[in-house]
Amino acid sequence: MSHRQRILVADGSKYFDSSIWRMLMPEPEFDIVGLANNTEDAITMAGTLTPDVILADLSHSGMCGLQTIETLRRMHPGIPIVTLSPLASQEYSQAALDAGAAACVTKSDMAELLLHTLQDLSINRLTANGNGRSANGQSTNGRSTPTIN
């Protein structure tokens, strides 16, 4: 991939910030461009840093996590949002997708699924340009992923 996917991390937990950093920094296709500690910073940074993807913690400090997703989606409609949920609940994930998230990953599954989710979102962005999908709509990378809207 010639374009490094620019990622804004919006998670008030230093533990998860460092976990995400350790997970993504060695990957050549990802570049963490900012770490937002609260909702207001995430909204501001999304406008100034123009990330390709926002990783947002649903238990993020400030506004309710779902309100954060709705606000980010409204203010920056072209930036997909991947939620990091502390709960492994289908209802919680569906609420995040309904609020405008492109995908949901539980924090307990983050190590297994986050990289695949980000890679699949990148392929989906290429799809809008006519790339990255087979004729039947399946991802050309052949992996299954968590819920992607």
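This is a predicted model: local features need pLDDT of at least 70, side-chain atom pairs count only at pLDDT 80 or more; totals for chains, interfaces and linings use all residues.
A residue is called buried when its relative accessible area is under 20%.

Now take the contacts between residues at least 6 apart in sequence: 65% of them join residues at least 24 apart.

Next, the secondary structure. There are five helices and five strands. If you read along the sequence, they come in the pattern β-α-β-α-β-α-β-α-β-α.

How are the strands arranged? They form an open sheet of five strands in the order β2-β1-β3-β4-β5, and the pairing is parallel. Strands β2, residues 30–36, and β5 stand at the edges with a single partner strand each, so one side of each has no neighbour in the sheet. From one strand to the next, the twist averages 25°.

Strand β1, residues 5–10, pairs with β2 in the parallel sense over six bridges. Within that pair, Ile7 stands opposite Ile32 of β2. Ala36 also belongs to β2. Is Ala36 buried or exposed? Its relative accessible area is 0%, so Ala36 is buried. Ala36 and Ala56 are 20 residues apart along the chain, and their C-alpha atoms are separated by 9.2 Å.

Now strand β3, residues 53–57. It runs parallel to β4, and four bridges join the two.

How many of the five residues of β4 are buried? Five of the five are, so β4 is largely enclosed by the rest of the structure. In a regular strand the side chains alternate between the two faces of the sheet. You can follow this in β4: Ile81, Thr83 and Ser85 point one way, while Val82 and Leu84 point the other way, and all are buried.

On to β5. Four bridges join β4 to β5, and the two strands run parallel. The bridge partner of Leu84 in β5 is Val105. Thr106 lies in β5 too, which covers residues 103–106. Although β5 is an edge strand, Thr106 has a relative accessible area of 10%, which means that it is buried. What is Thr106 in contact with, leaving aside its neighbours within four places in sequence? Its contacts are Ser85, Leu87 and Ala88.

That leaves the helices, and I will cover three of them. Two packed helices are described by the angle between their axes and the distance between the axes.

Take α2 and α3 to begin with. Helix α2 spans residues 39–49, and α3 spans residues 65–75. These two pack at an angle of about 20°, with their axes 10 Å apart. An angle under 35 degrees counts as roughly parallel, and α2 and α3 are therefore roughly parallel to each other. The crossing of α2 past α3 is right-handed. On the α2 side the contact is made by Thr39, Ala42, Ile43 and Ala46, and on the α3 side by Thr68, Thr71, Leu72 and Met75.

Then α3 and α4. Their packing angle is about 25°, and their axes are 8 Å apart. That again makes α3 roughly parallel to α4. This crossing is right-handed as well. Here Leu66, Ile69, Glu70 and Arg73 of α3 meet Ala95, Ala96 and Ala99 of α4.

Most residues other than glycine have a negative phi. Thr50, in the loop between α2 and β3, has a phi near 45°, which is a positive value in a residue other than glycine.

Methods: Residues are numbered from 1 along each chain as its sequence is written. Side-chain values use heavy atoms; hydrogens and water are left out. Buried means under 20% relative accessible area, exposed over 50%, partly exposed in between (1.4 Å probe, protein chains only). Contact means heavy atoms within 4.5 Å. Two strands pair if DSSP finds at least two bridges between them. Axes are lines fitted to C-alpha atoms, for helices over the stretch in contact, and angles run from 0 to 180 degrees between N-to-C directions. Angles under 35 degrees count as roughly parallel, over 145 as roughly antiparallel, 65 to 115 as roughly perpendicular and the rest as oblique. A crossing is left-handed if the near helix is turned anticlockwise from the far one by less than a right angle, and right-handed if clockwise.
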